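Please have a look at it before I go on.

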Amino acid sequence: MEEDIIQKHKPQNRGTSISKLRRSRKHCPICLTLLEKNLKRTRLKRQCTVCGAQRLDKFQCKKCGRREIWMSPMGTACQSCGNHGSKLEVAIPSAGSTFQK
Ligand SMILES: [Zn+2]
Ligand SMILES: [Zn+2]
């Protein structure tokens, strides 16, 4: 009888899975916390209670051009393509808006 040798082999693909989480729409694209479902039955979750991020329609992503920008004191991220970094690196004001807040 041979004994089983347990060798857990976990794939080291953290980088890609973080990017996936960022774009999942179920997680905050900035701190990656799973977003709560109970926001008055809104289909899209627009804020994160953990890091204070909010989805702001008046900005668009520098990389993909979509208005799926989230901002928090921790940084800025695009929920569409996973672009993230500082506010000026990630977002540009969409038409009619300026950087003020
Ligand atoms: Zn967050
Ligand atoms: Zn983007």
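In this predicted model, residues 24 or more positions apart account for 29% of the contacts in the protein with a separation of 6 or more, a contact meaning that two C-beta atoms, placed from the backbone, lie within 7 Å. Local features need pLDDT of at least 70 and side-chain atom pairs count only at pLDDT 80 or more, while totals for chains, interfaces and linings use all residues. Residues are numbered from 1 along each chain as its sequence is written, with chains lettered from A and ligands numbered from 1 in the order in which they are written.

The protein has two helices and six strands, which are DSSP runs numbered from the N terminus, of at least four residues (H or I) for helices and at least two (E) for strands. From the N terminus on, they run α-β-β-β-β-β-α-β.

Four of the strands form an open antiparallel sheet in the order E1-E3-E4-E5, where pairing requires that DSSP finds at least two bridges between two strands. Strand E1 (54-56) and strand E5 (84-85) each have a single partner strand, so at these edges one side of each is left without a neighbour in the sheet. Between E3 and E4 there are four bridges, and Trp-70 has Ala-77 in E4 as its bridge partner.

Turning to the interior, buried residues make up 21% of the 101 residues, buried meaning that 20 or more other C-beta atoms, placed from the backbone, lie within 10 Å of the residue's own.

Note on methods
Buried ≥ 20, exposed ≤ 12 C-beta atoms within 10 Å, placed from the backbone.
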